[in-house]
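Have the model open beside you as you read.

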Amino acid sequence: MKRTKTALAIGGAVVAAAISTQTLASATADRDAALRAAEAWMTKQMHVGLVPGATAAIVHDQDLIWSTAYGFADREAGTPMTAETDFSVCSISKLFTSIGVMTLVEDGRVDLDDPLTKFLPNWAFTEAARGGSDQVTIRDMLSHAAGFPREPMTTGWANSDFPTTAEVLAQAGEVAPLYEPADTWQYSNLAMSLLGQVIEAASGTDYDSYIRSEVLAPLNLRGISTDLPLESTPGRPFSRGYFMYDEQAVRPVVEPYTLNGYAPAAGFAASVIDLAEFASWQFRVLETGETEVLSRPALRNMHRVHWYDPADENGNVWGFGFSHMKINDQPFIGHGGYCPGYRAQFAMNPATKTAFAAMVNVNDASPYDLVAGIEGIVGPVLAAEPSSDESAADDANEPVLSDFEGRFGQTNFPYEMYVAPRGDDLLVYNLYSREPARNATTLKHQGGDRFRALNGKGNLGAEATFNRDESGRVVSLHWEGETIARMD
């Protein structure tokens with residue numbers, strides 16, 4: 001991952017002349033304040049949800065600019081969570097399997113329009129079962145348009161006892177397609193698991209070895225596992241998983257398990273740092289055009305839309321392996337994951353070169369909501385172009401807006417906010433809100449320690465005044481008739 005590129009190294013002296021050092025410092029300060037607000041919001045959300053542990057990370061223009069960890073990787077042992085802790089990423093595994101298939105496409109050993117039966121002859125459906133249509137192709141399977149059912153006849157989601165590869169393959173004569181190929185979108189763990197066997201047949205190498213040597217090692221992601229480890233190993237801590245909490249707010253532990261024949265669809269273990277590196281690689285290939293595992297055209301082909309049906313009320317839009325989604329009305333591609341005891345979300349926007357990843361070690365907290373909340377707070381700052389307007393130069397007699405940054409709230413009540421500087425204003429985020437950016441309030445500076453809130457029409461409303469102690473430190477906020485204490 002690129003770690004030395006400066007945020008604005010794009011135009012040499014011309015840019016440097018147009019943008020003042022003061023403006024650049026202000027942009028960095030705004031970004032850092034937004035990151036602190038995002039961490040405060042995530043911490044509160046995880047605390048309220050009684051989540052044992054969580055991690056998150058942000059990539060911007062190939063750089064890992066932020067990562068954080070909350071809680072415990074193993075609550076019973078008291079093992080703290082870190083950003084390097086591995087989780088089950090579950091269905092995010094499909095991205096790596098899809099990339100493995102595309103490496104074989106680029107090598108000429110697989111054609112996207114090859115029928116599945118070229119590699120797995122036993123998976124030939126009768127003409128009646130296929131509805132008289134063409135055979136299922138690799139292209140269909142990569143975009144979940146093969147018409148396959150979601151699961152084979154035997155699964156292990158309820159008890160974490162997943163079928164072996166041999167058991168999955170043995171069901172060839174029992175599984176019937178739900179739809180004709182390329183007719184109806186149907187998410188399918190079965191199809192992606194079979195693509196793992198296509199990789200084996202086309203490469204002459206077992207799935208694990210091929211993915212490790214041809215995908216993970218070249219991307220410096222050797223620590224990623226293609227199936228869940230049953231315990232932590234030196235240098236690779238693995239989080240325990242937890243089920244939903246019961247009536248006594250106790251979360252049962254998920255016993256260790258492996259995905260076996262489902263590994264290509266849902267078996268990988270990785271950290272948010274790994275997913276950040278994964279995003280950085282894609283941004284790098286798209287920028288430089290240099291082939292790293294895949295060529296730029298092949299990667300773009302994976303990203304672009306291969307399935308869209310305007311009649312689909314659920315709005316499913318897919319590339320090869322990659323899901324297209326909207327987060328805070330912004331376009332992203334990526335994937336989510338949900339396995340017993342773990343959930344994960346990976347989302348990237350190639351146009352803005354931003355990526356977000358989040359993981360939780362429970363089943364009932366949403367990493368998608370974490371990503372959306374963090375993106376809502378931080379994304380606008382990353383997307384903002386630095387301004388060269390110096391007309392609003394700081395008055396030596398005015399307070400520094402960073403004086404007001406921090407958590408404010410009332411103990412024992414679900415009332416806590418984070419105040420963060422943003423340009424010449426303050427943004428106030430409700431830490432209990434699931435949509436912190438959408439529900440944020442802007443405070444316009446009126447001079448000194450006085451501000452006024454903008455209402456929904458953009459007009460100035462209630463006055464907000466910060467109070468200081470004898471040392472000059474801001475200790476409370478008086479707003480809407482309440483004096484709200486600073487909490488940090």
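Is Arg109 buried, partly exposed or exposed? With a relative accessibility of 35%, Arg109 counts as partly exposed. Keep in mind that this model is predicted.

## A first pair

Now see which partner Arg109 has. Its side chain meets that of Asp107 in a salt bridge, with 3.0 Å from N to O.

Next, find Arg450 and Glu463, whose side chains form a salt bridge at 3.2 Å, N to O. Arg450 belongs to strand 18 (residues 450-454) and Glu463 to strand 19 (residues 460-468), so this pair ties together parts that lie 13 residues apart in sequence.

How accessible are the two partners? Arg450 is partly exposed, at 34% relative accessibility. Glu463 is partly exposed too, with a relative accessible area of 41%.

## A pair of neighbours

Residues 31 and 32 give another example: the side chains of Arg31 and Asp32 meet in a salt bridge, 3.5 Å from N to O. Asp32 has a relative accessible area of 26% and is partly exposed. Arg31 is also partly exposed, at 26% relative accessibility.

## A network

Salt bridges can also link up into a group. Which residues form a network of salt bridges here? Asp74, Arg75, Glu76 and Arg240 are linked in this way.

Conventions: Residues are numbered from 1 along each chain as its sequence is written. This is a predicted model: local features need pLDDT of at least 70, side-chain atom pairs count only at pLDDT 80 or more; totals for chains, interfaces and linings use all residues. Side-chain values use heavy atoms; hydrogens and water are left out. A salt bridge is a side-chain nitrogen of Lys or Arg within 4 Å of a carboxyl oxygen of Asp or Glu. Buried means under 20% relative accessible area, exposed over 50%, partly exposed in between (1.4 Å probe, protein chains only). Helices (H or I, at least four residues) and strands (E, at least two) are DSSP runs, numbered from the N terminus.
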